[in-house]
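Reader: I am new to this structure. Please show it to me, and then let me ask about it piece by piece.

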Amino acid sequence: MNLKPLADRVLIKPSPAEEVTMSGIIIPDSAKEKPLRGTVLAVGNGTKDEEMHLKEGDVVLFGKYAGSEIEYEGEKYLIMRQSDVFAVVL
């Protein structure tokens with residue numbers, strides 16, 4: 001990965017939005033739920049006040065509106081503060 005988050009930020013690859021179909025109804029992209037789960041691809045070094053608890057490869061849960069969406073080399077990622085992550089999935 002050529003992106004390195006700074007300070008207490010993490011780079012997350014969101015899991016694909018689940019495509020729920022009922023009775024043959026296709027849900028358009030605009031109506032799909034934003035994923036609330038993803039995989040940590042890179043972490044910053046932390047700050048003097050906050051050490052990093054997340055590591056690369058962690059599967060995490062985060063808030064619906066957490067972070068900023070970025071696009072890099074045709075892929076969509078989220079970059080957010082470690083404090084925006086609710087939990088690590090074990």
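Reader: In what order do the six strands of the open sheet stand?
Author: Strands here are DSSP runs (E, at least two residues; helices are H or I, at least four), numbered from the N terminus. Two strands pair if DSSP finds at least two bridges between them. The pairing in this open sheet is antiparallel, and the order is E4-E5-E1-E2-E3-E6.

Reader: Which are the edge strands?
Author: An edge strand in this sheet pairs on one side only. That describes strand E4 (68-72) and strand E6 (85-89).

Reader: What is the average twist from one strand to the next?
Author: Axes are lines fitted to C-alpha atoms, for helices over the stretch in contact, and angles run from 0 to 180 degrees between N-to-C directions. On that basis, the twist from one strand to the next averages 40°.

Reader: What should I know about how the model was made and numbered?
Author: This is a predicted model, in which local features need pLDDT of at least 70 and side-chain atom pairs count only at pLDDT 80 or more, while totals for chains, interfaces and linings use all residues. Residues are numbered from 1 along each chain as its sequence is written, and side-chain values use heavy atoms, with hydrogens and water left out.

Reader: Which residue in E5 stands opposite Glu-69?
Author: E4 and strand E5 (residues 75-81) run antiparallel, joined by five bridges. Opposite Glu-69 stands Leu-78.

Reader: How many salt bridges are there?
Author: A salt bridge needs a side-chain nitrogen of Lys or Arg within 4 Å of a carboxyl oxygen of Asp or Glu. By this rule the count is three.

Reader: With which residue does Asp-8 form a salt bridge?
Author: Asp-8 sits in the segment before E1. Its closest N and O contact in the salt bridge is 2.8 Å. The partner is Arg-81.

Reader: Why does that pair tie together separate parts?
Author: Asp-8 lies in the segment before E1 and Arg-81 in strand E5, so the pair ties together parts that are 73 residues apart in sequence.

Reader: Is Asp-8 buried or exposed?
Author: Buried means under 20% relative accessible area, exposed over 50%, and partly exposed in between (1.4 Å probe, protein chains only). Arg-81, at 37%, is partly exposed. Asp-8 has 6%, so it counts as buried.

Reader: Which residues is Asp-8 in contact with, leaving aside neighbours within four places in sequence?
Author: Contact means heavy atoms within 4.5 Å. By that rule, Asp-8 touches Gly-46, Thr-47, Glu-50, Met-52, Met-80, Arg-81 and Gln-82.

Reader: Which side chain meets Glu-75 in a salt bridge?
Author: The N to O distance is 2.6 Å. The pair links distant parts, strand E5 and strand E1, 62 residues apart. Glu-75 is partly exposed at 35%. Its partner, also partly exposed, at 28%, is Lys-13.

Reader: Is Asp-58 buried or exposed?
Author: Asp-58 forms a salt bridge with Lys-55, the closest N and O atoms being 3.1 Å apart. Lys-55 has 52% relative accessibility, so it counts as exposed. Asp-58 has 8%, so it is buried.

Reader: How far apart are the C-alpha atoms of Leu-36 and Gly-63?
Author: Leu-36 is in the loop between strand E1 (9-14) and strand E2 (37-43). Leu-36 is partly exposed, at 39%. Beyond neighbours within four places in sequence, Leu-36 has contacts including Val-60, Phe-62 and Gly-63. Leu-36 and Gly-63 are 27 residues apart along the chain, and their C-alpha atoms are separated by 6.3 Å.
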